[in-house]
Amino acid sequence: MYKRSYSSTTCALIKRAASSSTRKPVCSPVTPSQPPCALNQYRSYSFLRSIPRWSHGVDWKSPASLTSQIRTSSPLLERLQRSFATMAADHPFNGIVTSLPKPGGGEFGKFYSLPAMNDPRIEKLPYSIRILLESAIRNCDNFQVTKADVEKIIDWEKTSPNLVEIPFKPARVLLQDFTGVPAVVDLACMRDAMNRLGSDSNKINPLVPVDLVIDHSVQVDVTRSENAVQANMELEFQRNKERFAFLKWGSNAFHNMLVVPPGSGIVHQVNLEYLGRVVFNSDGVLYPDSVVGTDSHTTMIDGLGVAGWGVGGIEAEAAMLGQPMSMVLPGVVGFKLSGKLRNGVTATDLVLTVTQILRKHGVVGKFVEFYGDGMRKLSLADRATIANMSPEYGATMGFFPVDHVTLEYLKLTGRSDDTVAMIEAYLRANKMFVDYNEPQVDRAYSSYLSLDLEEVEPCISGPKRPHDRVPLKDMKADWHSCLDNKVGFKGFAVPKEAQEKVAKFSFHGQPAELKHGSVVIAAITSCTNTSNPSVMLGAALVAKKACELGLQVKPWVKTSLAPGSGVVTKYLLKSGLQKYFNQQGFHIVGYGCTTCIGNSGDLDESVASAISENDIVAAAVLSGNRNFEGRVHALTRANYLASPPLVVAYALAGTVDIDFEKDPIGVGKDGKNVYFRDIWPSTEEVTEAVQSSVLPEMFKSTYEAITKGNPMWNDLSVPEAKLYSWDPKSTYIHEPPYFKNMTMDPPGPHGVKDAYCLLNFGDSITTDHISPAGSIQKDSPAARFLLERGVERKDFNSYGSRRGNDEIMERGTFANIRIVNKLLKGEVGPKTLHIPTGEKLSVFDAAAKYKAAGQDTVVLAGAEYGSGSSRDWAAKGPMLLGVKAVIAKSFERIHRSNLVGMGIVPLCFKAGEDADSLGLTGHERYTIDLPSKLSDIRPGQDVTVRTDTGKSFTCTVRFDTEVELEYFNHGGILPYVIRQLITK
């Protein structure tokens with residue numbers, strides 16, 4: 001494993017503990033035999049460019065020769081070393097530092113030993129909570145992390161039901177480019193703010209390792225072509241050259257930040273196969289890997305036994321800058337697995353089943369920890385699939401403790417034998433390893449669930465939500481119910497007489513037709529599944545059997561294959577199965593998220609016209625993790641999540657209106673009907689393909705080459721200045737207004753007076769509805785803005801690619817074409833009512849009118865407001881629009897914290913109440929009575945909301961911790977961090 005940062009406090013302590021004969025400061029000038037304590041804490045791409053940093057088992061070269069360069073680039077370092085060395089002498093837990101011996105002599109390093117605490121409560125803690133405990137002990141300085149915090153975690157059984165607050169310092173931060181660009185924009189903007197306030201702008205640097213993987217920008221423009229990867233990458237660079245250059249500038253300007261170039265893979269698969277360390281060994285100090293990421297599916301790494309979850313970009317930026325994350329000590333749901341999956345059942349079927357069970361149980365804000373004998377038969381890739389979809393079942397984590405299966409996967413993916421031996425030795429010694437060959441100690445959980453894996457059956461989910469699971473055998477009946485049902489999560493309200501409508505059209509001179517349920521997009525995509533060799537090779541075997549029987553996917557179905565890493569391509573070629581994918585139109589289109597995040601590209605014009613002109617409810621089937629309406633493609637109202645083999649099967653069938661048990665998929669070359677059972681591979685066939693085709697050398701060679709980039713990336717020229725030169729004409733990167741009038745004095749708490757309701761929502765408003773995502777519609781405010789600046793429609797690109805420009809993102813907030821606003825009485829679309837004039841306007845135009853008149857606004861919402869992907873723009877956008885508060889029945893965890901981070905007040909209706917039950921129409925004006933003194937506000941206190949109609953009601957203020965109150969006092973988390981850095 002390549003080395004990364006470690007707390008200088010701990011580094012000093014460990015080195016002092018290793019030598020009882022000396023009390024000299026351990027962070028004194030470095031000699032060749034003594035690596036610097038904080039060497040890896042300040043990693044700069046610019047001066048470490050020639051050093052291998054990514055090969056597992058390869059340490060940094062010549063650390064002593066780098067010391068002077070590091071100190072030159074970061075004059076703050078020496079002061080930090082001196083202060084941390086002084087703090088180390090008083091570390092509260094120096095008595096439990098323990099040596100971990102190597103079997104052949106010597107030692108792996110030293111660590112903070114949980115068994116040495118001699119506390120019987122630790123033995124019963126869930127493994128996921130033990131990781132939080134170790135981090136608190138190691139980082140304890142009685143300032144940011146106190147002994148009282150450690151005690152809270154040890155006493156988890158009693159404290160977690162009380163929703164106590166704890167600090168957490170993750171070992172690293174993970175970004176993708178959609179969320180990474182605004183993070184780097186904010187860091188650059190914070191440097192400017194520091195400069196304007198007369199402080200040292202170089203204080204704005206990541207203090208923990210940051211990896212940013214560019215994977216969200218590639219779109220499926222070219223398909224069904226051997227040249228699709230190159231063609232799509234060229235288009236990706238044409239559209240995103242400015243963004244990519246900005247990120248490359250960031251990798252040079254900021255220390256400790258590494259940018260992985262486009263075309264390398266999907267962030268979470270790269271994290272799983274390569275970046276995840278499981279155990280850090282930094283300067284002889286051992287500790288568990290942990291990570292927070294600006295993507296909700298960061299949880300995929302939980303399948304590897306690494307504690308990781310998604311946070312908002314705002315929280316991640318604070319973590320980069322050394323702030324502890326404030327979190328509520330979570331409850332842990334114990335999920336016991338038994339048995340094994342039946343023949344032909346896939347990991348995707350399992351995860352959709354688990355998602356439905358956990359959604360029903362209710363796990364929002366909780367950890368889910370999997371255990372039981374069923375773990376023996378569950379591959380690491382299957383575990384990662386389940387962990388990946390934690391956001392879909394609502395949990396903070398879906399955690400799989402490390403066991404023998406984990407160790408085998410680490411070896412398969414190219415981690416060295418020495419590294420794996422160190423990982424096993426450390427985790428066993430610190431009671432964090434599960435050995436199912438030994439008697440199991442019962443652990444305490446907040447609640448318990450169980451599942452016999454043999455009961456899992458083939459299924460898909462949809463048509464509009466990931467947790468609406470449909471058993472495959474019931475799919476045809478369920479589809480017809482959806483056509484009949486009123487418009488909703490399971491309904492399209494298609495009249496009976498129109499349900500058999502056939503739209504005939506010409507596809508490039510070939511007769512074609514579409515019906516309700518016709519599949520127009522079939523995409524094998526997303527880290528959820530492309531990291532799993534069994535479902536990928538299973539899909540290829542379906543394609544092979546179909547080719548041999550003479551079946552062919554219709555040419556008007558937009559097919560695509562977007563692997564999560566180059567390893568997938570290697571094993572598909574090794575197996576000889578890629579050619580069958582190609583024959584069915586599933587050519588590789590790129591290495592990125594593509595269709596799963598809405599980068600599905602345009603449908604053929606003839607297909608798009610047939611759908612629009614005939615009001616066809618067209619379908620997309622994808623192996624992704626999100627299928628909210630309007631996300632995959634504007635013209636696919638029905639979107640189903642399915643395993644990769646089922647994606648191929650539905651593409652072949654051409655419709656979701658099919659019973660695979662009874663109806664034929666098509667007619668073979670011999671003129672006979674071909675059924676689902678004829679093309680479905682057995683578990684044994686899939687296992688044989690995996691064992692013969694997936695080899696460790698594939699992982700090693702892929703990731704040895706990953707940092708070499710590609711010619712297009714390497715040719716990007718960027719300035720070397722530490723302060724960014726903002727181009728006022730840029731439509732991609734723009735200096736946001738967050739800090740322009742900032743002073744050293746916090747603005748203090750604020751209430752809301754006589755605010756108008758900007759939007760009035762029902763339940764399940766997701767971040768896809770709030771945050772700008774997908775394509776920029778031609779008649780939208782964002783399109784108008786771009787056209788006014790000379791940008792042609794063909795160059796609009798997606799909202800995601802323009803997240804670095806606040807002016808565009810503000811205009812795209814609440815611009816989802818499927819949004820339903822009660823102020824418009826059920827009308828679908830991104831409009832609202834400007835209450836004072838009664839005008840129907842775009843949300844942006846209405847908000848601009850309110851702001852111009854100096855009028856505050858609020859948003860009313862139902863349950864689960866802000867569910868979906870973690871998106872900082874879902875909070876930044878409303879703040880820029882002038883929204884001061886959101887009043888909802890309940891909030892998604894990350895989104896609520898992001899609202900607080902941007903200075904928006906989150907309020908919850910009392911249980912059993914909502915806008916409808918209180919008789920609120922959204923036409924009222926709202927006053928929220930918050931105390932003007934911070935000391936008078938408590939986390940979770942009740943406040944009164946008054947309206948101009950005489951109605952008043954009580955809400956709970958969702959500031960959940962004292963730290964969040966501090967953020968609110970400062971006008972948001974980033975101004976708080978700036979003032980803290982200046983005063984320190």
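**Entry 1: threonine 355**

Leaving aside its neighbours within four places in sequence, which residues is threonine 355 in contact with? I looked this up in a predicted model. I found Met389, Glu392, Tyr393, Pro466 and His467 in contact with threonine 355. Next I checked where threonine 355 sits, and it belongs to helix H12, which covers residues 347-361.

Is threonine 355 buried or exposed? I noted a relative accessible area of 0% for threonine 355. Buried means under 20%, so I wrote threonine 355 down as buried.

**Entry 2: proline 209**

Then I went to proline 209, and I found this residue in the loop between H8 and strand S5 (210-213). Its relative accessible area is 0%, so proline 209 goes into my notebook as buried too.

How far apart are proline 209 and alanine 171 in space, C-alpha to C-alpha? I read off 7.5 Å, although 38 residues separate the two in sequence.

**Entry 3: H8 and H9**

A reminder to myself: two packed helices are described by the angle between their axes and the distance between the axes. For H8 (residues 177-196) and H9 (residues 228-253), I noted an angle of about 55° and axes 10 Å apart. That angle makes H8 oblique to H9. I also wrote down that the crossing of these two helices is left-handed.

Which residues meet where H8 packs on H9? On the H8 side I listed Asp177, Phe178, Gly180, Val181, Val184, Val185, Ala188 and Arg191. On the H9 side I listed Arg243, Phe246, Leu247, Trp249, Gly250 and Ala253. Sorting the residues of this contact, I got nine nonpolar, two polar and three charged.

**Entry 4: the whole chain**

Finally I stepped back to view the chain as a whole. I counted 35 helices and 34 strands. Its radius of gyration is 27 Å, close to the 30 Å that the globule rule gives for 984 residues, so I can call the chain as compact as a globular protein of that length. Along its principal axes, the C-alpha trace spans about 85 × 70 × 55 Å.

My last look-up was about contacts. Taking those in the chain with a separation of 6 or more, I found that 76% come from residues 24 or more positions apart.

Key: Residues numbered from 1 in each chain as written. Predicted model: local features only at pLDDT ≥ 70, side-chain atom pairs only at ≥ 80, totals over all residues. Heavy atoms only, no water. Axes fitted to C-alpha atoms, helices over the stretch in contact; angles between N-to-C directions. Helix = DSSP H or I, 4+ residues; strand = E, 2+ residues; numbered from the N terminus. Parallel < 35°, antiparallel > 145°, perpendicular 65-115°, else oblique. Left-handed = near helix turned anticlockwise from the far one by under 90°. Contact = heavy atoms within 4.5 Å. Nonpolar A, V, L, I, M, F, W, Y, C, P; charged D, E, K, R; others polar. Rg over C-alpha atoms; globule rule 2.2 N^0.38 Å. Buried < 20%, exposed > 50% of the residue type's maximum accessible area, 1.4 Å probe, protein only.
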